[in-house]
Every structure is written in structure tokens, then in C-alpha cells.
Amino acid sequence: MKSFKTLITKAFTFIILIILLDLFAGYLFDYLEKKAMNNNPQGMTAEYSMWKVESDIIIAGASEVHHSLIPSLMKEKLGMSVYNCANDGQSFYYQYCMINSIIERKKPKMIIWSMSPYYLTSLTEKEKNSFSILNPFYDSNSYCKRVINMKSEFENLKMLSNLYRYNSSIFSLLINSFSKTNSDDGYLALNDSGYKYPTLITRVLPKCKMDTEIKNAFIEVINKCKESNIQLILIFAPRYEIDDYSKNDCYTDFVQIANKYNVPLIGEYYSSPIFLRDSTLFKDHAHLNDKGARLFTRLLCEKIKQISLK
Amino acid sequence: MQKQEIIEKLTPIFREVFSDSTLELRDEMTASDVANWDSLTHMLMITEVEKQFGIKFKLKDLNKMKHVGNLIEVINSKFE
Amino acid sequence: MTFASFNFLLFFPLVVILFNLIPQRGKVWFLLVASYFFYINLQPVYALLLALVTGSTYLFTKGIYETKSDIKKHKLLIWGIIVVILPLFFFKYFGFINNSIFELLNHLGLHLSLPKISFILPIGISFYTFMAIGYLVDVYNEDVDFEKSIGSTGLFLSFFPIILSGPIERAGNMFPQFKKLQNSTYDDLVSGAKLMLWGYFMKLCVADRLGIYVDAVYTNIPFHNGTTLAFATVLYPFQVYADLGGYTLIAIGVARCLGIKVIPNFKRPFFATSMSEFWRRWHMSLIQWLTDYIYTPLSFNLRSWKMWGIVSALMLTFMISGIWHGAALTFIIWGLVQGVYLSIEAAMHKQRTEITQKFRLNNKPWYIFISCVWVFVLFSFSQIFGKCNNVRDAFEVIGKITGKHGGLYMDKTTLSFGLFALFILLIKDFRDEFFPGKMLFFENRNIVVRYLSYALILILILAIGVLDSGQFIYFQF
């Protein structure tokens, strides 16, 4: 092809253009991130947890505790500073990275970790995709780098691009740079006045198998907490469902691990009559609303006091 | 049948079915040249042609009629 | 690997480079190997099925071509179609029919326990089956010559850009091109790349982004009010257009890079002023196939019924279209609704034409606008059946839209990205429809404008495209 040379030159020019624009985008995103952290730090949930949190008590988990444990209330009852580091849609590995990073930066006195036995099962595509929230910490945090690289074989190549790294984050960066949100130390209230469609479902949870790698990572965190003298407490958050775990190996394995390593597990509020009898405490079948959060926070604090006294 | 005869008989049919009173037929004319000529009205036109000329088409004929010129040829062949 | 995977971005340039290094007589075989490699990467076992269907098609078309007897030709055609369609029928519809019969018997009080068989659908089967049937019919009608090379036949049915989601191609378009495969020209590569870029934009920035919102609503119908459901219903057609349209544009672009011209699949469907016109702009390759191989013979055989013949042919054709999309009652209803729309339009065609001609409405912008909106409303209504998993859900959605209103469910990130990208897409289509050739970006004569345009779209894909669908908020809500 006589225009072969032209093609190569043009393609090359275009690639250079893209690389330059990508570099420029990198500077722009870094600038916005700093601006957002200055303007509305608590709005940048992941960044705040990784870089700034220094509370005595850390809450880890996903949306089920992000919207149901109230730090200001807990501060009153337990007399310690509390931050709710939970993040919607995230599961085990996010919390693993976050907890490890916080411990290395400034050891908290207590970590309240909301989990479900399903956390320790093998990674799904959806879960892998959710790792992208850790992208800002790829270079600086080895835990995050390891987890992000689990996404796909070429992830380390893709992460070379700034635009790829900050994919989908421009909107929240802009919002956090130019406006402020009210945050009660990480707690986000679900304000609706009650669950609109209260059909109480009974779920028979299917068999599942624990993933060895994830299980080991979990035990690694448990041990780290022990070494650092951090009180780790596992909890199950309330759901508007009656769950039957009888066929569920993951559940028994999970409880076994907690027992073996002497980690307190406060699971009684999970399918508890205290919550099931009042659907107005819930936003939907998996999340408490603000009214329910107040009750749950109160009850949990009582239980925590009892554990601390031992 | 003479080609001119066929065209003279076809034109009012086309004008009626495709709602265009000024339509003038050409050999190379196809459905894309006429605003209201689509697969729906096509069949109405075919039925009308059969009625007016007293002929019956076969499915195989349909495939051969890519434009008006073909249509005229096929109509002609029915009279041989 | 699908188009939207990183692996494909490695596979594709490799194929193009090798294609250009291989001499002319090896190009078809190379593409055949590449296509099977692509297919085996997705579903190894079913590559065998594809090969069997190809082999059968080859033998039957050979038979039809060589037989002198008309009766034998016809028999071979019928048997050929049956053999080729059997796998599709089995994999796609067996389960549905099985369950339907089972439920029917249940209703009548007979409680039988039929074996529950479910298979994973072979990828592309709906597409290559239709292409094979089209080829069989074309050979029978002598519209197309029997293709002697089994390599070309194999390539026709397995061609990797189009096997996943179409466009549904024709023997008459593909085989002549296979005979004259050349090295890619500069124009081929650039045009192909542009098509691919725009296709990726449509798919990743518009379709997948809007899809996050639409899915969040439609998988939780009980929790959402009519306002939210209405909004999601309005977004859904745009999502499908950007999804299938984008995907097939990538396919067309990939083929173009190899110097192969594939038929288009969409032509700015939201600027149609009637449902009939809509169906000439939406999923064009499927509609063309249905028109040529089902509607035309059907309406021809029923032509003595005049308007009723057309109506029956339309209803049946669109029912088949519905069934082609999936084995569910909702798809059948979807098809019937399309049939009803088109039948009403066909019946009122004369009156409508009279009125529009009398008042010269076709030139008036407000008339065009209202027509487009009306067509959109009709189509998005029918799409409720296309989206819902069962009829009960569909009626629940419709009921809520007409009754229970409330606050709109907000997902600011998803909507801002999705609507922004959709806006860009619609502006481009608007320009192409009403001001073609003006305000060019990808086709601008100035190289700086062109390069910046490509760069901007690529940046948008990287910045706001759904590269890993990791942007969900808690999905139960």
C-alpha cells in the first residue's frame, strides 16, 4: 500500500496526541481530587477512609451499615470517636484493603466489621468490577494494587492510563470539589418514612463454599488485629427477611472461624423479631432507614459495652 | 401486448395505489423512487395489476421484478 | 471475548495485520480460521454445531443447485430449512414449549413431572441460522449461485464480526466480496476505525450507562413508582438503539478494516414519522430478512384477502420476529403489538396520505416532530414487553405508569453521564438526518478538527464509558 507510510505516521501522531491528553487528564484529575478532599473530605468516602480517618472506632462494611450505624450516637454511648467507613456496593476485598491501610496508618481501638458469610465465597465479575473504587490508591498502596490486579490479566497495563483510572469518577470529583454534603462521620441516613412494600420473604440460602484465598485474607486481618491489640467485632446487620441458613456451609464455617479466633460475632439482629415486627424501620428488605438505624445503633452499643467489659 | 399499452394500463394503477396523481413510469423506477411504494403497498399494487390485466403472478415472478421495466416484461410474458 | 473486552483489542489488530500479510488465495481460509478461533474462545463445544450447520447448508445448497427436477429442488429446500432450523428450535424454544405444555397440563389438573432440561444457548445461533436459511432460499430462487468453496460457505456463517449480534447478512452480498478479497486500503482502515470508535462510544457511553439505570429500575419493579418506571421506559429504547446499533457499528467497522462491506443495521430510527418507517430504520437487517423470506411470500399467498391478507401477513411476521428475540410470552406479545401498529397504519394509509398531502404536512417541522414523538411513545410502550421477564411484571409497570406517581429515583452519576452521551448521539443523528454534510467532525476536511474529534470521543469512552460496570450503587434499591 503506497499510503502505508502515511497511515503509520498518522496513527503514530494520533497515539502521541492521546498520550498527551491522557497525561493532561491525569494532572486535571489529581488537581480535582485534592480540591475535593479540601472542600468536602467526608464526601470522598474511599479517600477519606484510606488517608484521613483517625477515629478510635472504625465501622467497616457495605450499604447495610453505611446507612444504619450512627457515629454521633455511638460516640455518646461508648465515649470514643467513631467513623463509619462503610461504602455501598463494596465487599470483602475493599474492606480488607481499607482495614489494613487504616491499621498501618493509625491503629484504631476497635473495628466493627459488618459481614455476611457470602463475603468469603469466590469473587464474582460484579465484585471484581467494584474494585475500581480503589484506583486512586493503586500506586501508593500495595494492598490496593494487589486487589486491583485481580480484576483481569491486563489490569496493570490498563492502569497506565489516567483516564482509565479515573473512569466514571469525574462527576463525583466535580460535585465534591464544588459543593458540600452533610455527613455524620460517614453515616448516610435513608430518610424515607418506612418500607413501602413489606412482604416478609423467607429465604433458604443455598449451599456455598468458602474461597481459600479469601478465607486466608480474612484470617490475616483477624491476626493483625490481635497483634495490634485492636478489638475486632463482627456483626450481621438487620434485614427484613427470614433467612434459613441450615443448608449453608459458609455460615457454619464463618461462625467456626469467629469462634476459633475468639472474635465476637453479634449476629442476633440479623433476622430478629425486634426488627421484623416493624417494617417501618426499613427502607427496603436489605436496609434500615434512619428510624431503624437509631434503634440498631442503640442496641449494638449495649452489646459492645458488654463485650468490652469482659 | 405492446409495451406502450402495458404502461398506459399500469400508470393509473400506480397513481392510485401509491397516491401520486402525477406519477410517470420509467423502466428503471424502483420502490425507492416513489414515496408511498413500500412492502405494504407493493402487494396491493400486485393484486390490482393481476385484476386489471387478468393474469396471475407466481412467487418466482416477484423475485424477478427489481424495477418497473422487469414488471412490464413479466406482464408481457403472461400473454405469450 | 466480546467486542467490549480488552482481549478483542489485541485480537483484532493482529487479525488485520496477518490478513494483510497473507496472499490473496489464503485470505478466506485465514478469516475462517480466525472466526473459528474467536468462536471457540467463547463456546468451544458449540463451534462443532456451527460446523455441522455449515456442512448441512453446503450439502443442501449443492443439491438444490445440481438437481434438475423442480420437485426435488423444492423437497431439498424444505428439508434443508428443517435441518438447519432444528438446532435453533431445540436450544432456544424447547425449554419454553416444554414448560408451556407442562403448565397447561398443570392447569388441567395433570401433574406430570417432565424432565427439566436447560441448555446454554449457542452464541450466534439465531443469526447464523437465519443467514443459512436465507442462502438456501436464494439458491432455490436462483438469486444467488451455489458457492462451491466450503471455506467461503464456512466463513459466511461464522464471520466473527457479525456472528455475535449481526447484521444478518446475505449470500448475495458476502460471497462476491469473498471472491475478491484484497489487502486493506488506507480508506478501509480509516473508515473502519471511525465506525468502530463511534460504535464503542454508543455502546459504552450511552447503552451501558443508561442500562445501569434502566436495569436498577426494571429489576426492582415493586419498589419503584410510576414516574420512575415511566422515565426508565423512555430511556430503554435509547439504550437498545445504542447497544445493538453500537455493537453492529463496531461489527461493520471491523469488517470494513478487512475491506468487507457489511449492510447497515440502523438508520437514525428516532426520526421516523410512522411505525412503518421506523421498521425501515430499526434493526434493518432483521426486518429485511423477515420481509424477503417471510412477509413477501406470505402476503403474496394471501393477496386475495386484500387488506386482511396484509394484516395477517404482518401479524405473523412480527410474531416470528418476537419469537426470534426470545422464547417467552412477552416477546410474542411484543411482536403482536408491532403487528397491530403496522396493520392499523396499513389500513389507514390512504387517508393519512391524503391529509398529509393536502396540508403539505410532511414539510412542517412541528408535524415531523409530533410524528417522531408519537412513534417513540408507541415503540417505548411495546418495549415494556420486550424488557420485562413476564407478562405480570409488564402489566404491573403499565399500571403504575398510568397511576402511581411520585418522586423520581435519582442516580446522579449514571444519569448525568448517560444523558450527556445520549445528547451527543442524538445531535449527531439529528445533523445526519436534517443537515447532512454540514458541521462535520469525523469527516471534516481540516485534519486538526478530525483528530480532536476522534480524541474527544476516545476520551469520553475512557472517562465516562462503562468499562467495567463497577459503578453500581446498592442495587437492591
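Biologist: What makes 13 residues of chain B count as in contact with 16 residues of chain C?

Modeller: Two residues are in contact if their C-beta atoms, placed from the backbone, lie within 7 Å; 13 residues of chain B and 16 of chain C meet that test. This is a predicted model, in which local features need pLDDT of at least 70 and side-chain atom pairs pLDDT 80 or more, while totals for chains, interfaces and linings use all residues. Residues are numbered from 1 along each chain as written, and chains are lettered from A in the order in which they are written.

Biologist: Which element gives the most to the side of chain B that touches chain C?

Modeller: Helix 2 of chain B, with 6 residues. Helices are DSSP runs of H or I, at least four residues, numbered from the N terminus. Helix 2 spans 39-53, and helix 3 (59-64) of chain B also gives two or more residues.

Biologist: How many residues of that side are called polar, and how many nonpolar?

Modeller: It has 5 nonpolar, 6 polar and 2 charged residues. Ala, Val, Leu, Ile, Met, Phe, Trp, Tyr, Cys and Pro count as nonpolar, Asp, Glu, Lys and Arg as charged, and the others, Gly among them, as polar.

Biologist: What makes the 141 residues a nonpolar core?

Modeller: Such a core is a set of buried Ala, Val, Leu, Ile, Met, Phe, Trp, Tyr and Cys residues joined through C-beta atoms within 7 Å; buried means that 20 or more other C-beta atoms lie within 10 Å of the residue's own. In the largest core, of 141 residues, Met131(C), Val206(C) and Tyr213(C) touch the most other members. Helix 9 (residues 186-218) of chain C supplies the largest share, 18 residues.

Note on methods
Buried ≥ 20, exposed ≤ 12 C-beta atoms within 10 Å, placed from the backbone.
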